[in-house]
Amino acid sequence: MALSVHGVTVRYGQFTAVREVGMEIADGEVLALLGPSGSGKSTLLRAIAGLERLAAGSVRWDGADLAGVPVHRRGFGLMFQDGQLFPHHDVAGNISFGLRMRGVKAPERVRGLLELVGLSGYEGRRVTELSGGEAQRVALARALAPEPRLLLLDEPLSDLDAGMREQLAVDLAEVLRNAKITALLVTHDQEEAFTLADRVAVVLAGEIRQVGGVREVWRHPVDEPVAAFFGVTTFLDGTASGGVVRCDLGEAPLEVPDGRVRLGLRPAALRLSAHGVPGEVVSRVHRRDHLRLRARTSLSTVDAVAPVDAEVGPGDSVHLALDPGGIAVVGRR
Amino acid sequence: MAHAARQLNRAGLGLLALAPVGFLAVFFAWPVVAILRRGFRAGLLTSLTDDETWRLAGFTVGQAAASTVLAVLAGMPVAYVLARVRLPGAGLVRTLVLVPFVLPTVVVGLAFRALWPDGGLAAIVLANAFFNVAVVARTVAGLWAHLDVRAEEAARALGASWWRAFRSVTLPALLPAITSSAAVVFLFCATSFGVVLILGGARYRTLETEIYLRTENLLDLTGAAALSLVQITAVLAALAVGALARGRRETASRLRARVETARRPSGGEWWVVGAAAAVLGLLFTPVVALLLRASPAGFRALSGTGNNGTLQVSGWAAAMNSLRTATDATLLALIIGISASVLVATLRRAPGRVSHGLAETMDGALMLPLGVSAVTIGFGYLITLDALPGDLRTSPLLVPLAQALVIIPMVVRMVLPVLRSVDERLRQAAATLGASPPRVWREVDLPLSLRSVVAAAGFGYVVALGEFGATSFLARPQAPTLPVAIASLIARPGALNNQMAYAACAMLMLVTVAAVAVIDRLGAGRIGEF
């Protein structure tokens, strides 16, 4: 394993921001630390970078403990949420900073990196004149320039507006994959994590609650808090047999071992239908490509979705049917 | 290994602390404490029970308070113009308003004497206020420009009149800057020396001038020491008030760009602009009056020594000596002031309460020389520095040492805020790119604060050039600085002496204006506190 973290704890005074965290990243792998703001994921990233003092535990690279290695000797690149470009250098000066620290002069490498991040010809630009997206691209190029053995990305896209974020996410994913860069990404955005990462580690309240492939954590969250973070709004018990789960809200085909299961329903797990569980619409909101409903059933009030052109409103009686695409199976397997 | 690195770090910090702490201990604390001890030992009781002492203290505080109120009242409209008005020439106002502040006290005294030949209380208060309008205007404008206008706009939208919105929203937000600048101005006025000496004559004396007179003319050292003690106590109290206000201000607001808040005035705001223009007009009356009196004959006379050899050297020699002394003082102050700023900034960043407390203490201690009168320091040098090897009292470094002490607080107040505004994550970015801690300083902090360092150097140079209190105590007659020479010239009657003095003043003023223009061109004054 390239990076391995064991029992890392970080405290600020009495407050424990990160509690006994362990995880590993393989060579060329991108791992996302995914969690809500304040969950301690950025602190963990900073601890790995050497910017926070560990109260306990160890951070190792290829088995060697990094405890005595200061930040500037770790060879880890770091990209901040808001770029943190050096205002007194131009674009080229920012990108070549890490090279200069190693005594290397390589204008062709700067040019190559600018091309990589889609900013050819930007060498002489002042960094204060860049748009948010351009600044983050320069920050990425700067972090990549000294060829870090591990790239740490701290919410690299969070400060950008929606369109820019999507574009940069795709480009960033391409750069990471093509160059086989080992990276640790911190984000609160599931989509970002799923676009960029091979595996996801879910961080809640300073602890890693689950590590797994993207599909895995989405379909099989280990407990209800993790499921809730992944958008599950309703929990209920059901039984599985022969590839079908049954619960009080209906049944749906789902590949799980026979027996009792704990189901987590995202809004999309219940759809407006001609038949199914009867309910009464409480409220309705337009989303981009669907309607989000709150509906009262005989059991509880649940979230559901309807096609964007459906003629339903508060007070209407409707029927809701289960959709396996929105169902998560909660619990350790 | 991490442990060793931390030890090394601590050793480095200790080394860094050596210069400022050592300097302050030897060239500030020791002389001042020696004065205090002398005051305690002998004349304190007699002096404290002496009606004369209390009359002097009362007058000192009274004139300082009056001057402070006047400076604040005059400074506010100017601050408004600097912070909120976008008009052609607003930048020029920024520069011009600073000119009186850095004018040598002797020059200001002389300028007011040109307007009020009889001097008197009104002239003293006006002159002290004249000096310090810039401190209020620039300190308050510094905060005002960065206040979010929207709070005021919200008040207006809720039905407040322009004046009401100012009084209930803007003024409270500005209060920390107003009180902290008022405290500084009060200090300056309470320890103002040259102005009172020239305008007060024998009738109006403050603690500061009395300390000088007792030492220089009456050789009553114990009485002077007792008066110094009274003065230091008063000054420490004022300084504490200012520090409290400043502490609140630093937590108050994040900086916003100035352009966002400045716009063309409209309606009633023009009255404020008019008031500011009036203040500026009044500020420049004495300056112009003084310049009008400088004649070609005066400049020619500078190559001589005045009536019957009033000076021991020529006017030009005094000018050269001024330049040399100010250069030495500035270099000294930069070394001490910058290492102290770096130390405080580093301690502040380090985790833990101990280092934080150390930083606060150091920060406060660095402001002390601002409050202790220059005359007291000069006096303290005379009674302590003979104990050092190579008797500094006769060294040409003596005057620069005293002047540096006066400049160091200003260097710190200009450089430290800039150092502290450097985003910690910018430094961390440099570290992850392979920059060692010293390299981070060189690559990030230094370039980002260089402008403020250059500005502080220029500012310090000008202040050193005009420094009068300590210099008049310490400068040897065969090597006077220009302000000291001017004071000697006007102390002795004679047309030639007067002409020479006015010409010398004009010269000091021109150097000062040029330096201020350069400082403001650097634009660093926008972030520092003066």
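Start by selecting Gly264(A): this residue stands opposite Ala328(A) in strand S20(A). Keep in mind that the model is predicted.

**Stop 1: the strands around that pair**

Now select residues 259-265 of chain A, which form strand S14. S14(A) pairs with S20(A) in the antiparallel sense, over four bridges.

Strands of a sheet pair through backbone hydrogen bonds, either parallel or antiparallel.

Widen the view to the whole sheet. Which strands does it hold, and in what order? The order is S13-S12-S11-S14-S20 in chain A. That makes an open sheet of five strands, with antiparallel pairing. Select 250-253 for S13(A) and 327-330 for S20(A): these two strands stand at the edges. Each has a single partner strand, so one side of each is left without a neighbour in the sheet. Look along the sheet for its twist, which averages 40° from one strand to the next.

**Stop 2**

Select residues 3-12 of chain A for strand S1, then 15-25 for strand S2. The two run antiparallel and are joined by seven bridges. Zoom in on Val10(A); its bridge partner in S2(A) is Val18(A).

S1(A) has another pairing to see. Select residues 56-61 of chain A, strand S4. S1(A) and S4(A) pair in the antiparallel sense over five bridges. Show Ser4(A) and look for its bridge partner in S4(A), Arg60(A).

**Stop 3: chain B as a whole**

A compact globule of 530 residues would have a radius of gyration near 24 Å, and chain B agrees, with 23 Å. Buried residues make up 53% of the chain's 530 residues.

**Stop 4: two helices in chain B**

Select 149-157 for helix H7(B) and 162-190 for helix H8(B). They pack at an angle of about 140°, with their axes 9 Å apart. That angle makes H7(B) oblique to H8(B). H7(B) passes H8(B) in a right-handed crossing. Finish by showing the side chains at the contact. From H7(B), pick Ala151(B), Glu152(B), Ala155(B) and Arg156(B). From H8(B), pick Ala165(B), Ser168(B), Val169(B) and Thr170(B).

Terms used. Residues numbered from 1 in each chain as written. Chains lettered and ligands numbered in written order. Predicted model: local features only at pLDDT ≥ 70, side-chain atom pairs only at ≥ 80, totals over all residues. Pairing = 2+ DSSP bridges. Axes fitted to C-alpha atoms, helices over the stretch in contact; angles between N-to-C directions. Rg over C-alpha atoms; globule rule 2.2 N^0.38 Å. Buried ≥ 20, exposed ≤ 12 C-beta atoms within 10 Å, placed from the backbone. Parallel < 35°, antiparallel > 145°, perpendicular 65-115°, else oblique. Left-handed = near helix turned anticlockwise from the far one by under 90°. Contact = placed C-beta atoms within 7 Å.
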